[in-house]
Amino acid sequence: MPVTIAVVTVIASALALCTPTAASAEPADTTAVQVDVRNPEAFVDTDGADLIISDDSGTVSKTRVVTGHTADQVPFTETLYYGSDITSAEEKPDGDDGDAASAPDPVISVQTIVATTPSTLSISWKAQSDAGQFELFVDGDTQGVQDTSSYVVKGLTPDTAYALRTTATTPSHTVEAQTFDPEAWTDAINAETDAEAAEPTVEPTEDPTAEPTEDPTAEPTEDPTAEPTEDPTAEPTEDPTAEPTEDPTAEPTEDPTAEPTEDPTAEPTADPTAEPTEDPTADPTAEPTENPGPAQAQSPEFSTSQTLSVRTPAAPTTSSARKLNKAARAAAPTAVSATDFNYRTFIPWSTIGDGGDWSDQLIQHACIAQSNVRRHADESAADAAHETFLGDNRSFQQPSADDDHPYRTQTTVHVDWGEGHVVTDKDAGYTRILDESTGEVVATRQAATDHITFKVNSAFDEGYTHVNIKHIANDPFCPAVKQFGSISYHAYVDFYVTGLVRVAGWQYTMPSHEAWVRWNGTANWSNLFHSTATHLYCLVAGGGEVPVVIVRGGTPSEHPTWCAQPLKASVNRSTDRWADVSGSLGVTQAGKVWGSGDTSVLDGYGGFGCTVNQLVNPFRVKGLHNPKIIGADRTEYLYTDDGDLYSWGGSWGLNGHDPEGDASADGPQLISGKWRDFDVAGGSTAIGVTESGNIAVWGRNPDYSYSGYPEDPRYFDVPTAISSGIDFVQAAGFNWDIIGLDSDGNIWHRVDDFDADYDGHAHHYTWAQYDVDGKKFDEIAQGNSRGWALRGDGEIYSFRDSSSDSDAVPTYNTTIEGAHGLQSTGWTISAYDGDNIATWDGYGELTADSYQSFAGPGVPGKFATTSDFIAGDGDWYSFQEAYNPVTDAWEGNWNDIGLPPTNSLGPDEVTLSCQVNT
């Protein structure tokens, strides 16, 4: 019987341990599901045989999940996502204004279908109607370019997460283009400003910020020169000298071609609107007073993209229907409790003066000059020449709780699936004018948000809600010109209880746009889409159906700009899971390494001395088996339980495979050999136990004293053995103190022969075994001058370790029932204590009263470090402390970072602390 189950979401960030290639070992079952977004009701395999359906959430659900098995006993999961049926690449309708409440509801139809079996995946999706090329990437590997959006991929690994990215490309083609002349436009605005400066009584309002919210076109009604946004090319061609004259219609009625010096539109270099003629060498005086109309141009290539994460079902060991259906259901998406959506617009440059081109300078100075006159400020129109608008000076970045308006505008949607309600909100950042000569901000305003509106249609019983967002927000300093400074977009956003979020609509390409999604209130967000700012003329010229050709002097631009573009994107919650986390780094089961904060070990993301405020993915390592993250000085390691050891970053030879010592490795590289154990002593010396049982070190030489001992290198750039003949299974160290545990459970330490003759070495160590009355140990750790040992019954021993033969014998300290996972930071020792973690000072002896026991975040799971926890549902929790000035104390709490992100911004996209955007 059909049952309603949560759906699997598909987004481009879950990564897999196996990448589908022709060389992949393909499982025996190669039957794939055939999906076609144009025929969503056909449930068949690629051979045309009907699928055997065990569970079907039903067509009443906007996210339909169907599970079962194929005719040849292969489990499958198929998910169909219904959403807003907006597929045209020319999304912006004429006169798309007003609020969202008055907009008709979009047509709903199936937009994306994804199906998986243990070794295959199939996908079909809708895109813009004029898309001619489609491409699918699986874990970053292309599956080829084709002319349809339906793909089948084979050779996958069962029970594995895969990252999908789809692209649909509208090819470049010849179109009718709109021409726009920024110089003529600014001349018109400057003329209006001069007129207002001479007759200040024409100022329309006391509050210039009121006009763009009530009626952005109200001001220009007394002065016809304010209409260049209706048709930016109309004024300079029909009335080229309107601004500087009392009667704007006088000159063109006399003889528009008679005096080229008095009528600048007669000059081909002064009137760029005359250039879009079919023959640029034609008589420039032939049509000086007529609108040249649209010109032909080659449109830029345009692509839309979706990112999805899917998981293949496990391959059952038997072909019983129950086992097959269980495997299929386990791969289906699960419901989320809440979804948050955040859409921001921002100016990436530090200032318009620094980041904009010549057209941006013209437009902003004309606007600021008019604002100076209208505000009755001390500045005059002429002062605009050394004033500029401040930007947000950033690239793309996820929202943060401590953000202080790093945007022009922001819209948010919160969907609470449990309570069944939707909360929307809107906000505007601060617009500031900077005096470049003094470095002072001379004016600050906040844009009105009256014309940012929402319309919500919810169907919580179908696991779906739809929010229509219409966004028009004007620059508060530029209310005089219709649509100048009007940041505009129209977004139809579909939310699904499985976590998928999909957006369709259109946006002006100025300024930058970004949208982010998170699930269940976690700190981590995934990017839905992002687009980079073009230029201010896109707020003046507008136009969504054709590209805009900018004209200046000579021939029109050969590279037209889309000033509006369609929105088409989706993202869902990752199906990947954390394998291990530590501090600011995490590695997933699919081998994807994520990091935030210090970028010195995030290759390509800024380097040493730079930080990033969100998780980014610099690389992935295939084939990892239960990896563990271990950090050192500007170096990181991945140690697997099958003995592989990878490293990247590095100084002083710490990466273990760099002959130059100080140079960093580019991404994780395998250190030669197999390793029984691995540790880092004091952050600067790597210690490993080789497959043969020897202890080797690299990085800072723990035996280096000073340059008076020439046989002691300051560092080792490759693993160098410091023991032989003893079958060690674990080694631990801190600074120069190193101890070992052999395969019989005995503890060994190094003894220095101080009477040895000088031979260029500072120390002459031999290994000696501690006699602890025959007791055997399971784990060791090295603190600051004190060693520690743990027995399986929870007994903890400690001993002074001074690298001499007078070290104290390990003595019993206390017992912590169930203790395991003994580890050391040098200064602090810890062990897992059931659901808690016990910590104590690493220098002194341990008593029953001298350790503290800390609880986890209150959910099932396991500790990864003393301050990192991986929950049973896959979320990463990080313990974070902050100073509370009220209590005058440091206070901490567990912060839910969440699942791995679905996708990552690249080094040239993400905001870095060390960059300045100009």
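1. Q397 is buried, with a relative accessible area of 11%, where buried means under 20% relative accessible area, exposed means over 50% and partly exposed lies in between, using a 1.4 Å probe and protein chains only. This is a predicted model, in which local features need pLDDT of at least 70 and side-chain atom pairs count only at pLDDT 80 or more, while totals for chains, interfaces and linings use all residues. Residues are numbered from 1 along each chain as its sequence is written, and side-chain values use heavy atoms, with hydrogens and water left out.

2. Q397 is found in the loop between strand 16 (387–389) and strand 17 (409–416); helices (H or I, at least four residues) and strands (E, at least two) are DSSP runs, numbered from the N terminus. Leaving aside residues up to four places away in sequence, Q397 touches D403, P406, E514, W516, N613, Q614 and T911, a contact being heavy atoms within 4.5 Å. With T911 there is also a polar contact, side chain to side chain, at 3.5 Å; this term covers a pair of N or O atoms within 3.5 Å, and within protein one must be able to donate a hydrogen and the other to accept it, while residues adjacent in sequence count only if both atoms are side-chain atoms.

3. The structure holds two disulfides, each defined as a pair of cysteine sulfur atoms within 2.5 Å. C610 and C914 form a disulfide with sulfur atoms 2.1 Å apart. C610 lies in the loop between strand 31 (592–598) and strand 32 (611–620) and C914 in the segment after strand 56 (889–898), so the pair ties together parts that are 304 residues apart in sequence. C610 is buried, at 1% relative accessible area, whereas C914 is partly exposed, at 43%.

4. C538 and C563 form the other disulfide, their sulfur atoms 2.0 Å apart. C538 belongs to helix 8 (residues 537–540) and C563 to the loop between strand 27 (548–550) and strand 28, 25 residues apart. The torsion about their S-S bond is about -70°, so this disulfide is left-handed, and both cysteines are buried.

5. Strand 28 (residues 564–571) has eight of its eight residues buried, so it is largely enclosed by the rest of the structure. Strand 24 (residues 501–508) runs antiparallel to strand 28 and is joined to it by eight bridges, where two strands pair if DSSP finds at least two bridges between them. In this pairing, Y508 stands opposite A564 in strand 28.

6. For the chain as a whole, the secondary structure comes to eight helices and 56 strands, and buried residues make up 56% of the 918 residues.
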